[in-house]
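Dear colleague,

Please find the structure below, together with its sequence. My notes on it follow, and I would ask you to read them with the model open beside you.

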Amino acid sequence: MAKCLICEGSYEPFISFGKQPIANGFLTPDRIKDEYFFEMIVGYCPSCEMVQLVDQPERERMFNENYAFFSGTSKLMAVHFQKFYEFLRENYMKSPDPFVVEMGSNDGIMLQNFAQAKIRHLGIEPSANVAKVAQEKGINTIVEFFDEAVAQKVVAKYGKADAFYCANVMCHIPYIHSVAAGIKTILGPKGVLAFEDPYLGDIVEKTSYDQVYDEHVFFFSVASVSNLFGRHGLEVIDAIPQETHGGSMRYILAHKGAYPVSDRVAKQREIEKKLGLDKQETYAQLRRNIEKSREELVALLKKIKAEGGRVVGYGATSKSTTILNYCGIGPDLIEFISDTTPIKQGKLSPGVHIPVLPYEKFVEKYPTYALLFAWNHRKEIMAKESAFLAAGGKWITYVPNVHIFDKPD
Ligand code: SAH
Ligand code: TYD
Ligand code: ZN
């Protein structure tokens, strides 16, 4: 039995992915002997409906001055964050001198919009290397892990906030009650909390189990987010589905009673009931779907290898770490992984140690198949890879099921 991080109830986990390394822990060969692993187990708490990791490595192992994820690597994400900025500005920042706080602002991909508009802003980002990129762009950023104590310091220095937002960060934080209490403190009477994270409904529907890795401790739904923040006097006033990260949800919350609640909230909860997100059986089925996906992917890669084909991974995502380690896929089946992020290049992928090489190596000698680990950026990637298809290359994906495709969409 495990203990729920939200309500402290007991629950039975539904899957173990076995030993997993740090998903963003790309490493040089000399570090292999010290590589850290933890057992990655996921469960559903029937009392508060939260799907969660049972154990997570300590936060400094994941978020530090060598953090490998730079938000700015995707151009479409930059466009998405500009629109998110416009959405917040138009709807929730009507006061004469608004103040906005971002948790996990990374390289400033979203906060730069507020900075350019000369809106008072603060980024709170514990990974010093990515924070530095933002600071060099003139974005006000402090290198800290946000929690209740940091919230009090922020209020003392800047006053209350009109908006507190984050993207792909809330689901990373196991000490989430401290974060929620801090947000409650920071928000002015009409202030809003806006956040986006990969959506549980999409994960269940698409068997996108690669969303499970060390950093992702929670898999949110409108139901679980309402239960969690309701404990802190915050209410979900809107829930707006997003296409990013393979299917996300944007949650808008405010002090209870401060705003009318959009019809979308009840509608989304209906959808969640139809998907069975409140039923244990749904997660038992998810486990069976994951096991089937693993069998099919391994069988396909072995068949290609037997036929003399070359497979290269496309995008050394954190998500790929789960796939590779859970399926036991190593350099024998995948020659290398192509990635545009300099800090990942020349290193080995976590756990299974497939070389990560610059994108130019992919173009230099196209493989027979490219395994699309960055499937969430499919649109952006298909738009630029027509030459690969024209040269006879084919794509492999495992979302929503394992298959080969050779048309751009
Ligand atoms: N918002 C960006 C980055 C997401 S990656 C985007 O969507 O692209 C997650 C980020 O959260 C990392 O930069 C990590 O350093 C940061 N993070 C983790 N725990 C945090 C905490 N307690 N407070 C603030 N940031 C945190
Ligand atoms: P992403 O899917 O955003 O994140 P996560 O690590 O959360 O799973 O990561 C995309 C990775 O793919 C990142 O390392 C950059 C790389 N990438 C490319 O190599 N080429 C591309 O065209 C794109 C869009 C991403
Ligand atoms: Zn619970």
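**Surroundings of ligand 2**

Around ligand 2 there are 20 residues, and the closest of them are S318, K319, D339, K344 and K384. Please keep in mind that this is a predicted model.

In K319, a polar side-chain atom lies 2.7 Å from an oxygen atom of ligand 2. For D339, the distance between an N or O atom of the side chain and an oxygen atom of the ligand is 2.7 Å. For K384, an N or O atom in the side chain is 2.5 Å from an oxygen atom of ligand 2. On its own, ligand 2 has 560 Å² of accessible area, and the protein covers 96% of this.

Which elements give two or more residues to the shell around ligand 2? They are helix 11 (318–327) and helix 13 (378–384). Helix 13 supplies the largest share, three residues. Sorted by class, the shell around ligand 2 consists of six nonpolar, nine polar and five charged residues.

**Domains**

The domain assignment divides the protein chain into domain 1 (2–49), domain 2 (71–278) and domain 3 (282–405). The centres of domain 2 and domain 3, taken over C-alpha atoms, are separated by 30 Å. In the contact between them, 23 residues come from domain 2 and 23 residues from domain 3.

**Surroundings of ligand 1**

Ligand 1 is surrounded by 21 residues, the closest being S71, E125, S127, A167 and Y175. A polar backbone atom of G104 is 3.0 Å from a nitrogen atom of ligand 1, and a polar backbone atom of F146 is 2.9 Å from a nitrogen atom of the ligand. A side chain takes part as well: a polar side-chain atom of Y175 lies 2.8 Å from a nitrogen atom of ligand 1. Taken alone, ligand 1 exposes 580 Å², of which the protein buries 98%.

The classes of residue in the shell around ligand 1 are 13 nonpolar, six polar and two charged. For ligand 2, as noted above, the classes are six nonpolar, nine polar and five charged.

**Helix 4**

Helix 4 covers residues 128–136, and its buried residues are N129, V130, A131 and A134. What do these buried residues pack against? They pack against strand 8 (141–142). After helix 4 comes G138, which has a positive phi, near 85 degrees.

**An exposed proline**

P96 is found in the loop that runs between helix 2 (75–92) and strand 6 (99–103). Is P96 buried or exposed? Its relative accessibility is 87%, and a residue counts as exposed when this value is over 50%, so P96 counts as exposed. In sequence, P96 and D55 are 41 residues apart, and in space they are 45 Å apart from C-alpha to C-alpha.

With kind regards

Key
Residues numbered from 1 in each chain as written. Chains lettered and ligands numbered in written order. Predicted model: local features only at pLDDT ≥ 70, side-chain atom pairs only at ≥ 80, totals over all residues. Heavy atoms only, no water. Near = heavy atom within 4 Å. Polar contact = N/O pair within 3.5 Å; in protein donor to acceptor, adjacent residues only side chain to side chain. Areas by Shrake-Rupley, 256 points an atom, 1.4 Å probe, with all protein chains shown as cover. Helix = DSSP H or I, 4+ residues; strand = E, 2+ residues; numbered from the N terminus. Nonpolar A, V, L, I, M, F, W, Y, C, P; charged D, E, K, R; others polar. Buried < 20%, exposed > 50% of the residue type's maximum accessible area, 1.4 Å probe, protein only. Contact = heavy atoms within 4.5 Å. Domains from an automatic or database assignment.
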